[in-house]
Amino acid sequence: MKKRKDNTWKLGLFVIVSLAVFLATVYFIGKSQNLFGATFHLQSTFKNVNGLKIGNNVLLSGISIGSIKKIDFVSDSTVVVNMVIRSSVQKYIKTDAFVTIGSDGLMGDKVLMISPGTNSREIVKDYGMIASNEAVSIENLMGGLKKSINNAEIITKELSEFSYKINNGKGVLSKVLTDEEFSKSIGRTLKNLETGTDEFVVFTKKMNDKNGTLSKLMTDPAYAYSIKKTLSAFEKSAADINVFTAKLNNEKGIVSKLLTDDKMANSLDSTLINLKTGTKKLNEIGEAAKHNFLLRGYFKKQEKAKAKKEKELQKTIKK
Amino acid sequence: MSEQPIISIKNLHKSFGKNKVLRGINLTVNKGEDLVILGRSGSGKSVTIECLVGLLEADKGKIEVFGIDVTKLNYKELNKIRLRIGFMFQNGALYDSMSVRENLAFTLKHHTKHLSEDEVEKQINEALENVGLKEAIDKMPTELSGGMIKRIGLARTLIIKPEIILYDEPTAGLDTITAKEISELILSVQNKYKTTALIITHDITCAKMTGNRIMILKDGLIHAEGTFNELKNSIDDWVRSFFEYE
Amino acid sequence: MIAFIKKQLTQAGKFSRFIGRFFRELFVPPFQFNEFIRQCYTIGYKSLPLVGITGFIMGLVLTIQSRPTMTKFGAESWLPGMVSLSLIREIAPVITALICAGKIASGIGAELGSMKVTSQLNAMEVSAINPYKYLVVTRVLASTLMVPLLVILADLVGIYGGYIGYNVHSSIGLLRYFSEVIENLDFLDIIPATIKTFFFGFFIGVIGCYKGFNASGGTASVGRAANSAVVTASLSIFVVDMLAVQITDLFY
């Protein structure tokens, strides 16, 4: 009999502890769902709630302040969302605040985000209506992303074609700028012109001989002077042309470098290739995000593949 | 011996499946009488007294205890009758999760709520004294010997002060000396409390010591009836065979 | 074959009658309060270490085992929520109930079975004590009420085990962990899971008592009663669980 009484307190302890744990759990869950404590209600209408559910969190400046209590149709295209919010934050929500449906992470639950307005100083009332911004859904986001990825791809493709043409010298411009043969032929022409001028000088010397008939004809000093003048001007311009072509041939010139350097062209090419792979990856991110659950795992795999690709690419460049 | 029989069984039938154990038992027990039912194993002795207290339901027949037909009673009314009958089981049937004291207090407390702890303790001691086992009060049934278990069983039966005590094989499984002690104990209890007793046994010594009257059961029927000496000198060979090993 | 089916149906009928008797006797006074308290102590308090250890290990192991998969999905931070959800909704109730089936149902089956074969039940009966009321009602009621409490504690210990498991590879504060758990819980996780544990407890008690009460013959039948109590109780737990989950599913 005595033994039995001694045990009763243990049983009591057991029962009380278990019940306390249960009640505490119920209380905390209730608290996290704002069932206990002072709360107030807010309402907002949406055309589309994008899968917002009862019990989802309501955030203000990123802090959870309440939850969705009720979602009801009011007409065929309008849904009214009722939320329960802790009374303590009521003073921070003004009448011109608006709500947006967002998601908690890329694949998490939907959340209702309250954004503060700018002008009003009036605090919202219980069961007050606040404006809503239609949700930016992941689907819309993905659509936009896809479009810009497509554009980028087209641009890169064109850029790549352009640089390819420059490199391979099929266009007229390229020929002008990069063909070595062409610049050599210019050089030759100029040399020929120089020797031509030299011969001319000899000829004029002969003409200056006082014994020749031609000299006689030409010894008129005024006449001779004018010819000489013409010739010297001619010589000068030829020299100028010579300098230009020399510069053109010389690889140190900026223009030349831009237009003729092989390395430079290659690097331009690889930049464009990088740009291209970059766009491709962007495309893949979009793809991966669609397979939402696998997101991280997918990326990990892609990272490895990317690293491999890059190595190969560097190898080809070195070659 | 009073005129009114305290127990009267008429034409009692009981069968288990196809096995007809009792096929029309007729017996009466008068107040203050010690009736012994003798019989071999399986002759239906235990079944008879189990029907008597309602542990088994009779197929046919009438069982009157204190003039009331127990076969027609509901559970509550039956329990009232049961309180006036003591039943001592073959193996003692002590509650082995309880100590001797708790075993005795259990029934007593269950039926007499108004008793104080001191009163209960006093009655327990008295009952144990009657069976001569006062020192075993704080022991557990597993610590007791076979003879002690029977004595405690008897003490537990006595504590509710029954008017009839049914003994189911009181000496079974005991050595002859202990069996004799138990028989003596039964006799002394009978003398002290003046109860009526129905003793079921196959032990001739016990039957001789305790019974005023003896009945012999054979194949579900009362085969012979009489005092010990009458039966011993019966003309029936089968009846006499019981007494050969005395 | 027909005889076999008839036998099974008879068993079912007898069992239903046994349950029916429980509810009849439950509301008829007197109620054996002391025995009830004693049984609560035996069933509830005495099972605590066993249930606690099992719960702790389940939480720990579940966390460690789930981690690689969750990390693969990049959802390692969901681990506390996921572990606590599966513990509360399914694992803790079922494992605790199975442990109790092993401990309580077999204990009751063996106890009542041995009382039956040593005619202690008859002894009670003839001393005008209703053994059903004294033994069955108290035990069934005690196990019905104690198993849910054990499950609640197993939940708690299991979630704590999950906390230890989580801290094997990364680190999180206890408070942060529990707030993560609470954040992920809903009443729909707790209430149906708790309600079904009452049924688990009820069937553990009832089956243990039924098997013990119907033991017959020698001491071998006591072992049979205990064994069959454990087997039947365990099976019934799964059946009840299935039904409970399906019913809950209708509401969710």
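**View 1. Chain C runs α-α-α-α-α-α-α-α-α from its N terminus on.** Its secondary structure comes to nine helices and zero strands. Helices (H or I, at least four residues) and strands (E, at least two) are DSSP runs, numbered from the N terminus. Of the 252 residues in chain C, 50% are buried; a residue counts as buried if 20 or more other C-beta atoms lie within 10 Å of its own, as exposed if 12 or fewer do, and as partly exposed in between, with C-beta atoms placed from the backbone. Take the contacts in chain C between residues at least 6 apart in sequence: 88% of them join residues at least 24 apart. Here, two residues are in contact if their C-beta atoms, placed from the backbone, lie within 7 Å.

**A note before you look further.** This is a predicted model, in which local features need pLDDT of at least 70 and side-chain atom pairs count only at pLDDT 80 or more, while totals for chains, interfaces and linings use all residues. Residues are numbered from 1 along each chain as its sequence is written, and chains are lettered from A and ligands numbered from 1 in the order in which they are written.

**View 2. Chain B meets chain C through 14 residues of chain B and 10 residues of chain C.** On the chain B side, the elements that give two or more residues are α2 (75-82) and α3 (100-111). The largest share, three residues, comes from α3(B). Sorted by class, this side of chain B has eight nonpolar, five polar and one charged residues. Ala, Val, Leu, Ile, Met, Phe, Trp, Tyr, Cys and Pro count as nonpolar, Asp, Glu, Lys and Arg as charged, and the others, Gly among them, as polar.

**View 3. B:Lys60 lies in strand β4 (residues 60-65) of chain B.** Is this residue buried or partly exposed? B:Lys60 is partly exposed, because 14 other C-beta atoms lie within 10 Å. Leaving aside neighbours within four places in sequence, B:Lys60 is in contact with B:Asn11 and B:His13.

View 4. Two strands pair if DSSP finds at least two bridges between them.

**View 5. Strands β5 (residues 98-103) and β6 (residues 110-115) of chain A pair in the antiparallel sense over six bridges.** Look for A:Phe98, which stands opposite A:Ser115 in β6(A).
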